[in-house]
Amino acid sequence: MAIKTKASLIPSCASPEDLKRVLQTLGTSWGDVVEDLERLEVVPLKGAMTNEVYQINWPTLNGQDIHRKVLVRIYGDGVDLFFNRDDEIKTFECMSHHGYGPKLLGRFSDGRLEEFIHARTLSADDLRVVETSDFIAAKLREFHVLDMPGPKNVILWDRLRRWLKEAKILSSPTEMDEFRLEDLEGEINLLEERLTRDDQEIGFCHNDLQYGNVMIDEETNAITIIDYEYSSFNPIAYDIANHFCEMAANYHSDTPHVLDYTLYPGEEERRRFISTYLGSTGKAPSDEEVERLLSDAESYTLANHIFWGLWGIISGHVNKIDFDYMEYARQRFGQYWLRKPLLLDLP
């Protein structure tokens, strides 16, 4: 199957026959069967670092110039090292059932079809717009209190240890030394001991809330959080920390792997986000609540740097997407070692 487009073809790794079958089944259910698949237009969507994502348009049969749109997600190489795909699909379906995110339209061996959301994906600059940031804070609070099925245990630390083991298997001796991989198990143990508290709030966390995973309807200002591959129960402070760290990134620049930590939000910006987050339920938070979550989120940035640092090392070995994963990992670990003494109050 070669679906032509002005710019690209869906690559052969997309299981062409499976994808063709799913598209034809979907078209039949809509009454828009397209016998000539050459009439379908495929638009590559940029910015994904794990999967390849395409928008597919095809004409309806009502004789008018109207096109249906679906999103095709082709799984990247090696992603099964990071998460269980079946668990992710269950999360996706559960979110859709509860009215969150796009609907799952079909699956094929190397990917899936999703509902195309008629909203704009945020840019890096959008995260700095106060009104937009407030919308994200309120939506994140809503996300965290979702009653998702399955055990509600924190998986952060086990996931870090599992990824560390995989990174060691893949890395050369030079990489082992450069990234200090032999030291990281002790660092993970230290963070778990220092950051875990009985009174910390555990919620259903997205764990990858970068701007490309947030969409906004510009007519209603409704926020949609998408892509739940890394979602799990974790301390909410960790998820907020992840979002703050992502504000240093611009994955649509000429150097998408380069992080600019001068863009990391200052204390007042972080405090405002957290105040909005806590107050979005209608009850004004106390100063103590805000300061506690502000402090916890800042400490959890250390775990976040290890998380995405290990992700970068593993991805550099298994993923062929044009992204300098190793340099990304260097920057993440650089921030970890730089910030650790201050955030853990160490000499």
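**Notebook: cores, a pocket and a buried helix**

I began with the overall make-up and found 10 helices and 10 strands in the chain; helices (H or I, at least four residues) and strands (E, at least two) are DSSP runs, numbered from the N terminus. This is a predicted model, where local features need pLDDT of at least 70, side-chain atom pairs count only at pLDDT 80 or more, and totals for chains, interfaces and linings use all residues. Residues are numbered from 1 along each chain as its sequence is written, and side-chain values use heavy atoms, with hydrogens and water left out.

Next I looked up burial. Of the 347 residues in the chain, 51% are buried (under 20% relative accessible area; exposed is over 50%, partly exposed in between; 1.4 Å probe, protein chains only).

I then turned to the nonpolar cores (sets of buried Ala, Val, Leu, Ile, Met, Phe, Trp, Tyr and Cys residues joined through side-chain atoms within 4.5 Å). The largest has 77 residues, and Trp157, Leu181, Leu191, Ile240, Tyr300 and Leu310 have the most contacts inside it. Helix α9 (residues 287–318) gives this core its largest share, 15 residues. Domain 1 (16–115) and domain 2 (120–345) both contribute residues, so this core lies between them; the domain bounds come from an automatic or database domain assignment. A second, separate core has 13 residues, among them Val22, Leu23, Ile56 and Phe108.

Which residues does Leu191 touch, not counting those up to four places away in sequence? I found Trp157, Thr196, Leu302, Ala303, Ile306, Tyr336 and Leu344, with contact meaning heavy atoms within 4.5 Å.

I also checked helix α7 (residues 236–246): 11 of its 11 residues are buried, so this helix is largely enclosed by the rest of the structure. Its buried residues include Asp239, His243 and Glu246.

Elements giving two or more residues to the lining are α2 (85–97), α4 (156–170) and β10 (232–235), and α2 gives the largest share, 5 residues. Why does this pocket lie between domain 1 and domain 2? Both domains give residues to the lining of the second largest pocket, so it lies between them.
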